[in-house]
Amino acid sequence: MHINELLFWFLTALALFSAMMVVFSKNPVHSVLWLIVVFMAITGHYIIMNAQFLAIVNMIVYAGAIMVLFLFVIMFMNLNAESEPQKSKWMKFAAVLSGGSLMLILIAALKDNGGFISSMRGEGSIGLIKNLGKVLFTDYVVPFEISSILFLSAMVGAVVLGKKDSSTIVS
Amino acid sequence: MNVMPVIPINYYIFLSLALFTIGIVGVLTRRNAIIIFMCIELMLNAVNVLLVAFSKMHHVAAFAVDRATTAGTEAQLFVFFIMVVAAAEVTVGLAIIVMLYRNIHSVDINFLNRLKH
């Protein structure tokens with residue numbers, strides 16, 4: 001068995017187990033930490049698929065910035081209590097049933113194809129920063145600039161939503 | 001020439017579907033708004049894994065014909081833009097959750113049914 005396949009199975013098992021723990025752990029802080037493990041496993045998947053730039057961005061943006069934001073909000077609200085109200089047993093059963101049937105239908109619809117992923121010598125240049133940056137700043141420069149405007153508006157929106165009620169602020 | 005490691009695309013499809021389904025089950029079973037938000041992030045990442053896998057599959061098929069191909073670049077850029085939009089979405093969503101907590105002193109979504117009054 002090649003090292004890539006071993007890594008694939010290890011990272012898959014890690015990702016699925018950690019995703020289960022995200023959903024089923026009682027403490028929200030533990031959920032955030034398990035979600036960081038999921039993102040690390042997905043970063044490993046990107047690396048064995050030769051998408052190095054996306055691996056680095058995934059680790060920095062998701063596992064770094066976004067998860068720290070989640071952790072900050074949870075600790076800010078002092079939510080790390082074990083006594084979260086639960087939904088009823090029947091609601092959980094119905095949720096798992098509907099999710100499982102969705103997965104069953106999607107697997108049945110998608111399982112018949114012969115595509116494969118191999119790692120040959122000399123390939124793998126498309127995932128590097130050189131190629132992606134060249135395409136990003138020539139063909140996709142307009143969506144790139146639009147995304148910067150999106151970030152600006154998201155920042156303004158977060159500040160407006162997050163600040164106190166404006167009637168209490170003396171202008 | 002040593003044997004090439006070949007991973008069928010089906011494995012990645014099944015991994016992505018399993019992650020997506022776990023995200024859906026989390027959204028449907030939990031009542032904490034932050035956990036629901038994290039499960040949405042999980043579903044986004046499942047889709048990203050599938051996009052990168054399809055990009056790699058496309059590139060492998062094109063590489064066998066032309067050694068200097070750059071097929072599959074667009075999918076990876078698409079994943080990059082998904083990450084950008086997800087980061088913006090997380091900031092606004094967490095601001096909404098903080099505002100919610102400030103108003104009703106809880107992040108339990110069952111208390112949100114007063115929105116309809």
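For chain B the mean pLDDT is 86, and 93% of its residues reach 70 or more. Among the elements of chain B, strand E1 (residues 6–8) has the lowest mean, 81, whereas helix H1 (residues 9–29) has the highest, 92. Where pLDDT is low, the predicted coordinates should not be read in detail.

The contact between the two chains takes 87 residues from chain A and 76 residues from chain B. The area buried between them is about 7600 Å², and carbon and sulfur atoms give 77% of this area. On the side of chain B, Pro5(B), Met38(B) and Lys56(B) supply 9% of the area that this chain buries against chain A, which is more than any other three residues supply.

Helix H3 of chain B (residues 73–104) packs against helices of both chains.

Two packed helices are described by the angle between their axes and the distance between the axes. Within chain B, helix H2(B) (residues 33–63) and H3(B) pack at an angle of about 175°, with their axes 10 Å apart. Angles over 145 degrees count as roughly antiparallel, and H2(B) is therefore roughly antiparallel to H3(B). The residues that meet in this pair include Phe37(B), Leu44(B) and Leu51(B) in H2(B), and Val79(B), Met83(B) and Val90(B) in H3(B). The residues of this contact divide into 16 nonpolar, four polar and two charged.

Helix H6(A) (residues 141–162) approaches H3(B) from the other chain, their axes coming within 9 Å and crossing at roughly 10°, so that H6(A) is roughly parallel to H3(B). Among the residues that meet here are Phe144(A), Leu150(A) and Phe151(A) in H6(A), together with Phe80(B), Phe81(B) and Val84(B) in H3(B). The residues of the contact of H6(A) with H3(B) comprise 17 nonpolar, three polar and one charged.

Helix H5(A) (residues 129–138) also packs against H3(B), at an angle of about 75° and with the axes 10 Å apart, which makes H5(A) roughly perpendicular to H3(B). Asn131(A), Leu132(A), Val135(A) and Leu136(A) make this contact from H5(A), while Thr73(B), Gln76(B), Leu77(B), Phe80(B) and Phe81(B) make it from H3(B). Of the residues in the contact of H5(A) with H3(B), six are nonpolar, three are polar and none is charged.

The backbone shows two further features. Most residues other than glycine have a negative phi, and most peptide bonds are trans. Just after H3(B), however, His105(B) takes a positive phi of about 55°. In chain A, Asn50(A), which is a residue other than glycine, likewise has a positive phi, near 65°, and Asn50(A) lies in the loop between H2 and helix H3 (52–77) of that chain.

Conventions: Residues numbered from 1 in each chain as written. Chains lettered and ligands numbered in written order. Predicted model: local features only at pLDDT ≥ 70, side-chain atom pairs only at ≥ 80, totals over all residues. Heavy atoms only, no water. Axes fitted to C-alpha atoms, helices over the stretch in contact; angles between N-to-C directions. Helix = DSSP H or I, 4+ residues; strand = E, 2+ residues; numbered from the N terminus. Parallel < 35°, antiparallel > 145°, perpendicular 65-115°, else oblique. Contact = heavy atoms within 4.5 Å. Nonpolar A, V, L, I, M, F, W, Y, C, P; charged D, E, K, R; others polar. Buried area = accessible area lost by both parts, 1.4 Å probe. pLDDT = per-residue confidence, 0-100.
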